[in-house]
Amino acid sequence: MARPKILVLNGPNLNLLGTREPEIYGHDTLDDIAARLTARGAELGVEVESRQTNHEGVLVDWLHQARRDGVHAVLLNAGAYTHTSIALLDAIKATQLKVIEVHLSDPETREPFRHLSYVGMAAIDCVKGLGAQSYMVALERAAAL
Ligand code: CA2
């Protein structure tokens, strides 16, 4: 039988991870994190697929497709769209996917404009402030759902 699938969606600028602002976001690249998630997923008995886009509508399309594909859960680091995107909020609500919000940093300890999370209004959980480890903790929680 196919293993439950966990989709990891990353938003704008996260392709730059590991190359700039390591004091905020750490030294790991997104490929490093994706490899670790895939390996841990195999141990947990889930399939993990990681993607990144700089485009809001692509994230919306991927959520719609995830619903059609019967994805078990989604880890979503929507980057700055976290704080601006009613479209993502609507997509999470409309698809009724189990979405766990993920952040490398803790947006609530940063600039006030990062304190509002539209993603958080529909996500079932949030893991933040642990650097790359935020994704690993979120994966454990998603696999246990
Ligand atoms: O802490 C997080 O994971 C964030 O989602 C990262 C977003 C930020 O807008 C959110 O408030 C919190 C920014 C991602 C930008 O990624 C970069 C990576 C390396 C260098 C520069 C930006």
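Predicted model: local features only at pLDDT ≥ 70, side-chain atom pairs only at ≥ 80, totals over all residues.
View 1. The ligand is surrounded by 16 residues, among which Asn77, His83, Leu104, Ser105 and Arg114 are the closest. The space that the ligand takes up is the largest pocket.

View 2. In the side chain of Asn77, an N or O atom lies 2.8 Å from an oxygen atom of the ligand, and an N or O atom in the side chain of His103 is 2.9 Å from an oxygen atom of the ligand. Asn13 takes part through its backbone, where an N or O atom is 3.4 Å from a ligand oxygen atom. The ligand on its own would expose 510 Å², and the protein buries 94% of that area.

**View 3. Arg51 and the ring of Trp62.** Arg51 is placed over the face of Trp62, at a distance of 5.1 Å from the ring centre. As for pairs between aromatic rings, the structure contains zero of them.

Note on methods
Residues numbered from 1 in each chain as written. Heavy atoms only, no water. Near = heavy atom within 4 Å. Polar contact = N/O pair within 3.5 Å; in protein donor to acceptor, adjacent residues only side chain to side chain. Areas by Shrake-Rupley, 256 points an atom, 1.4 Å probe, with all protein chains shown as cover. 1 Å grid on protein atoms, 1.4 Å probe; cavity = no way out; pocket = protein on both sides within 12 Å on 5 of 7 lines; lining within 4 Å. Sits in = over half its atoms within 2 Å of the grid points. Phe/Tyr/Trp six-rings, centres within 6.5 Å; stacked < 30°, edge-to-face > 60°. Lys NZ or Arg CZ within 6 Å of the ring centre and 35° of its normal.
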